[in-house]
Structures are given as structure tokens and as C-alpha cells.
Amino acid sequence: MISYQITSFNPSFGNISVLFKKDDVVIASYNVDVPLTDAGLFITGEELNNYLLRMFPQHVIDRKNKLEAGIPNAADIASLVVPIEETATAQVTEISEQQQAWFEIENEKRVAKALVKFGLLATDPTEIPAATL
């Protein structure tokens with residue numbers, strides 16, 4: 001039997017976070033926009049209950065049941081997995097650090113330009129005059 005638990009409500013956006021459960025095991029999590037009535041009120045009670053239970057897709061339960069029973073060719077998919085090597089991870093980290101440094105420099109340039117614009121600095125220290133090159 002499918003049940004659900006509403007875990008949060010955001011009245012500004014009119015949505016709720018819902019955990020759907022089967023036999024007290026969470027099988028899905030959705031963010032749901034709560035419909036409004038003609039009177040401009042959120043649906044509640046039995047109407048909300050029916051809405052939530054109707055919206056839950058049966059195929060999710062069917063898929064979960066199949067996965068729990070085991071998929072005979074799962075090893076075929078597992079054989080396609082190529083783990084990321086540590087060297088690739090190190091390269092990504094280095095690129096990420098370079099990007100961070102670039103963003104910091106660009107931010108410092110914007111701050112310097114703002115300080116010049118508001119008269120707190122006489123000249124932009126990030127610009128090198130052509131005469132000194």
C-alpha cells in the first residue's frame with residue numbers, strides 16, 4: 001500500500017515536499033504544487049489526499065519491484081563502468097583551482113573599478129598604463 005508523508009510546506013510558493021512510501025519504505029520524493037480551489041484556497045483533507053495518491057506514478061512501484069527482484073543482465077551494465085582515475089580527479093581539481101583564482105581576480109577588478117567610480121581610489125590598480133609597458 002502506498003502512503004505518503006508531507007515533510008515541508010512553502011506557502012510563498014504553494015508547494016509541499018512529499019515522501020511516498022510503500023510498506024513504510026521511502027520509494028520516491030516529490031515537490032508538489034498544491035492546487036488552489038475556485039475560492040483561492042489550497043485543497044486540503046480528502047481532496048489533497050486523493051490528489052497526492054492519484055499523482056503517484058504506478059510505474060515507479062513496478063520498476064522498484066523489478067529492481068528488488070534482480071535484473072538478470074545487470075552485470076552487462078556494470079561491465080560498462082569505467083571509474084575515474086585519480087589522475088583525472090587531480091586534473092579536475094587543478095582546473096577548478098585555476099577557475100577559482102580567475103574568478104577571484106575578476107572580482108577584485110570589479111571591486112577596484114567600483115572604488116574608482118565612487119572616488120575611493122584615484123586610479124584603477126588593475127590597469128597598467130601603456131607607458132610602463
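Colleague: How many helices and strands does the protein have?

Modeller: Four helices and three strands. Along the sequence the pattern reads β-β-β-α-α-α-α. This is a predicted model, in which local features need pLDDT of at least 70 and side-chain atom pairs need 80 or more, while totals for chains, interfaces and linings use all residues. Residues are numbered from 1 along each chain as its sequence is written, and side-chain values use heavy atoms, without hydrogens and water.

Colleague: What makes β1 and β2 a pair?

Modeller: The bridge count. Two strands pair if DSSP finds at least two bridges between them. β1 and β2 have eight, in the antiparallel sense. One of the contributors is isoleucine 2, whose bridge partner in β2 is lysine 22. Four residues lie between the strands of this hairpin, where glycine 14 takes a positive phi near 70°.

Colleague: And what joins β2 to β3?

Modeller: Eight bridges, between residues 15-22 and residues 25-33, with the strands running antiparallel. Lysine 22 is bridged to valine 25 in β3. Phenylalanine 20 stands opposite alanine 28 in β3. The hairpin of β2 and β3 has two residues between the strands, and aspartate 23 there has a positive phi near 55°.

Colleague: In what order do the strands form the sheet?

Modeller: β1-β2-β3, in an open sheet with antiparallel pairing.

Colleague: Why do β1 and β3 count as edges?

Modeller: β1 (2-10) and β3 each have a single partner strand, so one side of each has no neighbour in the sheet. From one strand to the next, the twist averages 20°.

Colleague: Which helices pack on the sheet?

Modeller: Helix α1, residues 45-55, packs on the sheet and touches β1, β2 and β3. Touching means contact, with heavy atoms within 4.5 Å. The direction of α1 makes about 115° with that of β1. Helix α2, residues 58-69, also touches β1, β2 and β3, and its direction makes about 155° with that of β3. Those angles run from 0 to 180 degrees between N-to-C directions, on lines fitted to C-alpha atoms, for helices over the stretch in contact.

Colleague: How many aromatic pairs does a search of the whole structure find?

Modeller: Three. Rings of Phe, Tyr and Trp (its six-membered ring) pair if their centres lie within 6.5 Å; planes under 30 degrees apart are stacked, over 60 edge-to-face, and the rest tilted. Tyrosine 4 and phenylalanine 20 sit 6.4 Å centre to centre with 55° between the planes, hence a tilted pair. Tyrosine 4 is in β1 and phenylalanine 20 in β2, so the pair ties together parts 16 residues apart in sequence.

Colleague: How do you know whether aspartate 33 is buried or exposed?

Modeller: Aspartate 33 has 51% relative accessibility, so it counts as exposed. Aspartate 33 lies in β3. Leaving out residues up to four places away in sequence, aspartate 33 touches Phe13, Gly14, Asn15 and Tyr51. Its C-alpha is 9.8 Å from that of phenylalanine 9, which is 24 residues away in sequence.

Colleague: What radius of gyration does the protein have, against a compact globule?

Modeller: The protein has 28 Å, whereas a compact globule of 133 residues would have near 14 Å. The radius is taken over C-alpha atoms, and the globule rule is 2.2 Å times the number of residues to the power 0.38. The C-alpha trace spans about 80 × 55 × 20 Å along its principal axes. Of the 133 residues, 17% count as buried.

Methods:
Buried means under 20% relative accessible area, exposed over 50%, partly exposed in between (1.4 Å probe, protein chains only).
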